[in-house]
Amino acid sequence: MSILNKPLTRRQALACLTIPFGPPLLASIYGFGVEPRTPEVERVAVSLENFPGKLNVIHLSDLHIQKDSLIMRRVVALSNALEPDFVFITGDLVEKPEELPVCLRLISQLKYKHRIYFVPGNWEHWSGTLADGLITKLESRGIRTLYNEGEVIKWMRGEFFLVGIDDAYYGNPDIQNAFKYQPNDLCTILLSHAPMGVFSAQLFRCDLVLAGHTHGGQVNIPGFGAVTTPPGSGPFEQGLYDVKRSKVYVNRGIGTSVVPIRIMCPPEITYMTIKGV
Ligand SMILES: [Fe+2]
């Protein structure tokens with residue numbers, strides 16, 4: 001009998017299967033089971049003209065909380081250890097209304113020196129939570145929603161203007177109303193779930209935009225970038241961009257949507273230090 005006709009042993013058969021299917025199998029195990037549960041802190045420093053002093057912010061986005069998962073407990077612990085001045089959350093808390101109580105309990109555990117600010121994303125519309133009193137529920141936990149409005153924040157020896165809009169792609173953004181009371185000379189930070197909000201904000205002074213929505217694409221190929229990003233992402237994937245007069249930071253988000261996978265695109269807690277030029 002030639003070696004080609006000899007029956008394979010169990011180990012040889014397993015080896016034959018592992019060579020072609022092993023790497024995709026390992027990538028799947030990692031992409032579905034490991035990376036989505038492994039949040040990373042991205043430290044970002046931004047200098048803005050006329051910003052009064054120094055500010056440390058935690059920026060979270062696209063939580064997509066489904067249950068009291070290990071990842072969210074890690075996110076809360078990592079965020080609290082950084083002792084931020086403010087926490088900014090740019091939308092997409094949950095996908096189903098029944099998941100909201102768990103989400104509210106988890107984000108109520110976030111610690112900060114001053115306040116949490118929130119703006120809605122597309123899922124606040126699709127889940128029905130925004131129409132069902134989300135803003136009031138957040139307010140009762142001390143979380144301020146900036147729904148097409150802004151406020152002047154006294155900071156160190158000066159002030160800055162913090163403004164938020166409804167989701168720029170699927171929501172009802174009203175940029176004119178949001179910026180209506182913008183003081184002429186104050187450094188301005190915009191919270192916008194969809195990064196495309198930066199384009200309409202160019203009518204006003206807008207020094208920095210904090211956004212999410214893209215999830216960073218969830219799967220990244222080195223040298224290529226995100227495999228795909230959701231509608232409303234525009235040209236943005238993740239990280240820091242310059243758009244005309246504004247800097248734009250796009251957070252990769254915490255959760256996943258549609259397919260629960262992340263490869264080379266871990267969940268992100270942004271720890272941003274903002275200071276004046
Ligand atoms: Fe979104």
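This report walks through a predicted model of one protein chain, from its overall build to a few individual residues.

**The whole chain**

Let's start with the big picture. The chain has 277 residues, and 42% of them count as buried. Its secondary structure comprises 7 helices and 14 strands. Along the principal axes, the C-alpha trace spans about 90 × 40 × 35 Å. How do the contacts link up the sequence? Taking contacts between residues at least 6 apart in sequence, 74% join residues at least 24 apart.

Strand β3 (residues 86–89) runs parallel to strand β4 (residues 115–118), and 4 bridges join the two. One of the bridge pairs is Phe86 with its partner Arg115 in β4. To get from β3 to β4, the chain passes through helix α3 (residues 100–107), and this β-α-β crossover is right-handed. Strand β4 is also joined to β5 (residues 143–145), again in parallel, by 3 bridges. Here Tyr117 has Arg144 in β5 as its bridge partner.

**Helix α2 and its two sides**

Helix α2 covers residues 70–81, which makes 12 residues. Which residues of α2 are buried? They are Met72, Val75 and Ser79. These residues cover an arc of only 55° around the axis, so they sit on the same side of α2. The buried residues of α2 pack against β2 (54–60), β3, α3 and β14 (268–276).

**The nonpolar core**

The largest nonpolar core has 58 residues. Those with the most contacts inside it are Val87, Phe88, Tyr117, Val209 and Leu210. Tyr117 is the residue that pairs with Arg144 in β5. Leaving aside residues up to four places away in sequence, Leu210 touches His59, Phe88, Thr90, Ile189, Leu191 and Tyr249.

**Residues with a positive phi**

Most residues other than glycine have a negative phi. Here are two that go the other way, with their phi values and places in the chain.

| Residue | Phi | Loop |
|---|---|---|
| His213 | about 75° | between β9 (208–211) and β10 (220–221) |

Is His213 buried or exposed? His213 has 33 other C-beta atoms within 10 Å, so His213 is buried. Lys244 has 10 other C-beta atoms within 10 Å, so Lys244 is exposed. Glu83, which follows α2, also has a positive phi, near 45°.

**A closer look at Lys275**

Finally, find Lys275 in strand β14. Lys275 counts as partly exposed because 14 C-beta neighbours lie inside 10 Å; a residue needs 20 or more to be buried, and 12 or fewer to be exposed. Which residues does Lys275 touch, not counting those up to four places away in sequence? The answer is Ser47, Phe51 and Lys54. Lys6 is 269 residues from Lys275 along the chain, and their C-alpha atoms are separated by 72 Å.

Methods: Residues are numbered from 1 along each chain as its sequence is written. This is a predicted model: local features need pLDDT of at least 70, side-chain atom pairs count only at pLDDT 80 or more; totals for chains, interfaces and linings use all residues. Two strands pair if DSSP finds at least two bridges between them. A crossover is right-handed if, with the strands pointing away from the viewer, the path from the first strand over the helix to the second runs clockwise. The expected span of a helix is 1.5 Å times one less than its number of residues. The arc is that of the directions from the helix axis to the C-beta atoms. Two residues are in contact if their C-beta atoms, placed from the backbone, lie within 7 Å. A nonpolar core is a set of buried Ala, Val, Leu, Ile, Met, Phe, Trp, Tyr and Cys residues joined through C-beta atoms within 7 Å.
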